[in-house]
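Here's a quick briefing to read alongside the model. Have the sequence and the 3D view open as you go.

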Amino acid sequence: MASLSLDEALDFAVSIGASAVEIAAGGQSSAPHMRVFELLEDPRRRAEFVDKLSERGLRLAAVNCSAWPMHPREGERHVEIIRAAIRLAGALGVDKIVTMSGCPGESAQARAIHWITFPWPEDRYAILGEQWDRAFAVWHDLAEYAVQHGVTRIALELHPLQLVYNVPTLQRMRTEIGPVIGANVDPSHMFWQQMDPVRVVHALGPAIFHVHLKDTEMRADSLALNGVLDATPFADIDRRSWIFRTVGQGHPASFWRSFLGALAEAGYEDVLSIENEDPLQPAQVGAKQAADFITGLNAESVSRGKR
């Protein structure tokens, strides 16, 4: 929706039946609809922003800040963006931000993050321990800052290239930092890593703070040769082992029924936030299709008395 104005984007959200929105405040992605530092500095702009939501009957469900704290070159700036997102959320009366745990490099001289996913050789595994020590220090500080500003839920997306990317790593961070840390569950990243999103939901239970709706299509021919650790550029769609898809285009309705059922059993009663990165269709077409698909499944659940 980056090409739309804020008014156009909110009108589109209403047109597909959304009752709440999650808006990006910066980090990896541009933030054309929520200029966080400008909104913090100008109470009048904040009031106008709130009015645009309320006059459409929309709720701001979360402030999204897909940042890379601890990145060797971008980390300090991204921590400041997270802090700004926290302050803005508090000023807007929103108690949740959605972000990522981050991942450091391997040393003070690093130019990029160093995501360690293999327990050998031993020197790499020692670096992983040092990375966690650094992450704990950063997130103790950010969690305290969040609570001070009225943000009681930090939903870390279980995302590759981050220290927190699966159930054990989320639990490790939550155990160390406390209940202010929870998960943003996005099935799309779990599919290609061969995780089971339904079992993830059952395992995390009340630690689920947010849900992204995005699908993944596994492409058998490329997968057979490349495996899931496929560095083929996303733009080279035909050669990739997997691509992101609109909900329902990668996995059948039967999976999504099970996923929604698991969320209900876990006591999750917040938003299902459509995140559209399908390269095979226009963004607005995909978002409308996703909304219709999930609305239909929710209606089925209600008619059966399950949700």
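**Helix 8 and its surroundings**

In helix 8 (residues 197-204), the buried residues are Pro197, Val198, Val200, Val201 and Leu204; buried means under 20% relative accessible area, exposed over 50%, and partly exposed in between (1.4 Å probe, protein chains only). Look down the axis of helix 8 and these buried residues fall within an arc of 160 degrees, so they line one face of the helix; the arc is that of the directions from the helix axis to the C-beta atoms. Keep in mind that this is a predicted model, where local features need pLDDT of at least 70 and side-chain atom pairs count only at pLDDT 80 or more, while totals for chains, interfaces and linings use all residues. Residues are numbered from 1 along each chain as its sequence is written, and side-chain values use heavy atoms, with hydrogens and water left out. Helices (H or I, at least four residues) and strands (E, at least two) are DSSP runs, numbered from the N terminus.

**More on helix 8**

- The cover over its buried residues includes helix 6 (167-177), strand 5 (181-185), helix 7 (187-192), strand 6 (208-213) and helix 10 (253-265), with contact meaning heavy atoms within 4.5 Å.
- At the start of helix 8, Asp196 has a side-chain oxygen within 3.0 Å of the backbone nitrogen of Val198.
- Just after helix 8 comes Gly205, with a positive phi of about 50 degrees.

- Seven strands form an open sheet in the order 1-2-3-4-5-6-9, with parallel pairing; two strands pair if DSSP finds at least two bridges between them.
- The edges belong to strand 1 (20-27) and strand 9 (273-274), each with a single partner strand, so one side of each has no neighbour in the sheet.
- Strand 4 (residues 153-157) pairs with strand 5 in the parallel sense over 4 bridges, and Leu156 stands opposite Ala183 in strand 5.
- Helix 6 packs on the sheet, touching strand 4, strand 5 and strand 6, and its direction makes about 155 degrees with that of strand 5. Axes here are lines fitted to C-alpha atoms, for helices over the stretch in contact, and angles run from 0 to 180 degrees between N-to-C directions.

- Most residues other than glycine have a negative phi, and most peptide bonds are trans.
- Trp120 and Pro121 are joined by a cis peptide bond, with omega about -5 degrees; Pro121 is in the loop between strand 3 (96-99) and helix 5 (122-148).
- Met70, in the loop between strand 2 (59-66) and helix 4 (75-91), has a positive phi near 80 degrees. Met70 counts as buried, at 3% relative accessibility.
- Leu161 also isn't a glycine, yet has a positive phi of about 70 degrees. Leu161 is in the loop between strand 4 and helix 6, and is partly exposed at 37% relative accessible area.

Key: Polar contact = N/O pair within 3.5 Å; in protein donor to acceptor, adjacent residues only side chain to side chain.
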